[in-house]
Amino acid sequence: MIALLATALATQVSWHTAECPLDGGPVRVFEKLSANSHGGWDSDGAFYSSEGQWREYALATCPDNLYTVYNTDIGSGLTPEQEEAVRSKLKKVQRATDADAMQIWDRYLIAAQVYAARGAGPDQLFQLYLEASWTARDAAVGVYLGLEGPEAARTLLNEGRAELEKDLDPGTRKVLLHNLARVAHRGGWPVERDHYLEQFEAVGALTDTETEVLATFRHANVVEARLQRLAIEQADAALLMPAIAPKDKARIRYLRADLLRRLGEVDEARTEFDAVQKDPALEDRWIGSARFLEGTIPTYR
């Protein structure tokens, strides 16, 4: 069976039913039909569509046992040893998980355990945790059109500060402060993000919707930080892999530096940004970001 899921504010995907490798039961598998990059990109590699994010659909989860992998891997067979390891891991996951209350990032966390049981290396697990952190960011910021990287984010923040000096009514001020928090978070400046969220709350007279938005933003920030730390753990292990390609090593090192920056660990981030810029294997797309981000660190300590 093939079905189309398409709403005015969602990336268009199709899905079909496949067999779960563990029990042969049905599992929904998605395929991306269309998306765009109008939502811009962030310094840690997250890209955004203006019509919802594919990463929300990128995983397939077997409903009866929570076996979770990327859609493209659902048909991959398991060796007897892998199956035994996966089943053992999922027994613990099932006991600790309320399947009806799972968030997208919970499914990524389960996928990480499945892939680890299947023998995935730290470089693969790093990417999985990184993408998981983006799903938490999605919950916090939604879609902010045209935010093309950290330099654009910094420009908007500078313009926003000037707007805040004006005599704004409370409703307009709250909208501006919320948007500045979103931009600061996308840019990876947690001190500014938290400052704008505090100012947003301090305006007062929050509606029920505004209160919920604030709570969701703050909770998603905590989740994202936890996932970023898990990604850094895997990055540290991946960088010790003797067979890792120089290009991949340079990319992971850059992303590790940016995650440290986003977590507020600015001294180590500055050192890493300085070092990675000297790596001849680092792709041009990251060199400019590393140089710019290293330069912004003193401005928000």
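User: What is the relative accessibility of Asp258, and does this residue count as buried or exposed?
Analyst: In this predicted model, local features need pLDDT of at least 70 and side-chain atom pairs count only at pLDDT 80 or more, while totals for chains, interfaces and linings use all residues. Residues are numbered from 1 along each chain as its sequence is written, and side-chain values use heavy atoms, without hydrogens and water. Buried means under 20% relative accessible area, exposed over 50% and partly exposed in between, with a 1.4 Å probe and protein chains only. Asp258 therefore counts as buried, at a relative accessibility of 0%.

User: What is the N to O distance in the salt bridge of Arg262 and Asp258?
Analyst: Both residues lie in helix α8, four residues apart, about one turn of the helix; helices (H or I, at least four residues) and strands (E, at least two) are DSSP runs, numbered from the N terminus. Arg262 is buried, with a relative accessible area of 6%. The N to O distance between the two side chains is 3.1 Å.

User: How many residues apart are Glu272 and Arg256?
Analyst: These side chains meet in a salt bridge of 3.9 Å, N to O. Glu272 belongs to helix α9 (residues 266-276) and Arg256 to helix α8 (residues 246-262), and the pair links distant parts of the chain, at a separation of 16 residues.

User: At what angle do the axes of helix α2 and helix α3 cross?
Analyst: Axes are lines fitted to C-alpha atoms, for helices over the stretch in contact (heavy atoms within 4.5 Å), and angles run from 0 to 180 degrees between N-to-C directions. The axes of α2 (residues 104-118) and α3 (residues 122-141) come within 9 Å, and their crossing angle is roughly 175°.

Notes
A salt bridge is a side-chain nitrogen of Lys or Arg within 4 Å of a carboxyl oxygen of Asp or Glu.
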